[in-house]
Amino acid sequence: FIMRSISPSWRAWLNATIMAIAVAHFPFSRALALVPHKNIIAITHAAGRMGKVLALQVREDAELSQMPTEELPIIRAIVRSEAEAASVKCDLGGMTMVGGKASPIPLKWLEIVVVENVVGKTGKATLRAAFEGAGTAILCDASHNEMVWQNDNSDGDEGFCSISVPTADSEDLSMRLLAEIEAASSSSTLRHVVMRSSMGLSSGVTNEAADAMGGEAVLTGPRKAENALKASGLEHTILRLGALTDDAGMVPLIFGIDDSILLKRMDSTNTGRPPILSRSDAARVSNFLLREATYFKGATIDCSWHPKYGRSSAGSEEAFSAAGRQ
């Protein structure tokens, strides 16, 4: 109450004074926890296709809600390399020419933390520090299959496709996700975590349904991560997604539990294809679950596009209007 009642300039001075005192007497990570922190949202795998869209959606939704400027979220993007950091800066902020050289346009609301190695002592410490000061986090490092379409016609939903499993990255992403959960659980400031996971993990799922989601090559990592998150003590929501595509967003969504959507899909078709949704819509529902975290504590939720809508619906006025009413 006191911090809200004083002017912004006095608030900034008070924060700086508290920080100086805290740093003088405590380790840096502990000092961060003692300072009245900003609304920081940590996003892992932030250089991924979903991660970048998610960062923009979280910030833009907050701005559109007419939230007071001082309460607008700071996005803390956690990435794996300096190259990924540069990619996030360029894609989110754009580029400008300075002295004949292209440079990313700085964004005041974007912080980037590079954690190259989550195994070593230094990497673990950096990862722990990345979550300190953040109030919420979205973990996007789960390995995940995606639908790769071989045609571009308007009937793409029924065209030839294959399921791509990122085998090369699967072990690395799974290891990182477990390390992120461990680091997040040590944070003194995190109030809630949303984790991206995969359909196909319920105890009653059939072999056919599990194979449609990529089989054990994809599902082992998310399964371990879900168990680790549940045992961590963190308040959390797990979002189990269908196969991801790069189509446009704003397609109506359907929600379920215990792989009900996946099993119904397997029973109603003989194609062996899983439920799908775009990365943009996966980011949209992740942002929603984070905003409404109070109502989804401890929940595990399945999500995909509504079966009435396919790839040919993406970007259509009908789909956009229906999604807007959800």
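Start at Met-250, which sits in the loop between strand E11 (243–245) and strand E12 (253–256). This is a predicted model. Check the backbone of Met-250: phi is near 60°, a positive value in a residue other than glycine. Now show the surface. Met-250 has a relative accessible area of 24%, so it is partly exposed, since that class runs between the 20% and 50% cut-offs.

Next, select Asp-258. Asp-258 is in the loop between E12 and helix H10 (260–268). Here, too, phi is positive, at about 55°, although Asp-258 is not a glycine. Is Asp-258 buried or exposed? Its relative accessibility is 54%, so Asp-258 counts as exposed; the cut-off for that class is over 50%.

Move on to strand E14 (residues 300–305) and pick out Thr-300, which lies in it. Thr-300 is partly exposed, at 22% relative accessibility. Which residues touch Thr-300, leaving aside its neighbours within four places in sequence? They are Lys-230, Ile-238, Arg-240 and Ile-257. Glu-226 and Thr-300 are 74 residues apart in sequence, yet their C-alpha atoms are 9.4 Å apart in space.

Zoom out for the whole chain. The protein has 12 helices and 14 strands. Of its 326 residues, 47% are buried. Take the contacts between residues at least 6 apart in sequence: 76% of them join residues at least 24 apart.

Now colour two helices, H4 (residues 49–64) and H5 (residues 82–93). They pack with their axes 11 Å apart, at an angle of about 45°. That angle makes H4 oblique to H5. The crossing of H4 and H5 is right-handed. Show side chains at the contact. From H4, select Lys-52, Ala-55 and Leu-56; from H5, select Ser-87, Val-88, Asp-91 and Leu-92. By class, this contact of H4 with H5 has four nonpolar residues, two charged and one polar.

H4 and H11 pack at an angle of about 45°, with their axes 9 Å apart. H4 and H11 are therefore oblique to each other. Which hand does the crossing of H4 and H11 have? It is right-handed. On the H4 side, the contact is made by Arg-49, Met-50, Val-53, Leu-54, Gln-57, Val-58 and Asp-61. On the H11 side, select Arg-279, Ser-280, Ala-282, Ala-283, Arg-284, Ser-286, Asn-287 and Arg-291. Sorted by class, the contact of H4 with H11 has six nonpolar, five charged and four polar residues.

Last stop: the aromatic rings. A pair of aromatic rings is described by the distance of the centres and the angle of the planes. How many aromatic pairs are there, counting rings whose centres lie within 6.5 Å? The count comes to one. Select Phe-288 and Phe-296: their ring centres are 6.0 Å apart and their planes are at 65°, so the pair is edge-to-face. The cut-off for edge-to-face is over 60 degrees. Finish by showing the surface at Phe-288, which is partly exposed, with a relative accessible area of 34%.

How values were computed. Residues are numbered from 1 along each chain as its sequence is written. This is a predicted model: local features need pLDDT of at least 70, side-chain atom pairs count only at pLDDT 80 or more; totals for chains, interfaces and linings use all residues. Side-chain values use heavy atoms; hydrogens and water are left out. Rings of Phe, Tyr and Trp (its six-membered ring) pair if their centres lie within 6.5 Å; planes under 30 degrees apart count as stacked, over 60 as edge-to-face and the rest as tilted. Buried means under 20% relative accessible area, exposed over 50%, partly exposed in between (1.4 Å probe, protein chains only). Axes are lines fitted to C-alpha atoms, for helices over the stretch in contact, and angles run from 0 to 180 degrees between N-to-C directions. Helices (H or I, at least four residues) and strands (E, at least two) are DSSP runs, numbered from the N terminus. Angles under 35 degrees count as roughly parallel, over 145 as roughly antiparallel, 65 to 115 as roughly perpendicular and the rest as oblique. A crossing is left-handed if the near helix is turned anticlockwise from the far one by less than a right angle, and right-handed if clockwise. Contact means heavy atoms within 4.5 Å. Ala, Val, Leu, Ile, Met, Phe, Trp, Tyr, Cys and Pro count as nonpolar, Asp, Glu, Lys and Arg as charged, and the others, Gly among them, as polar.
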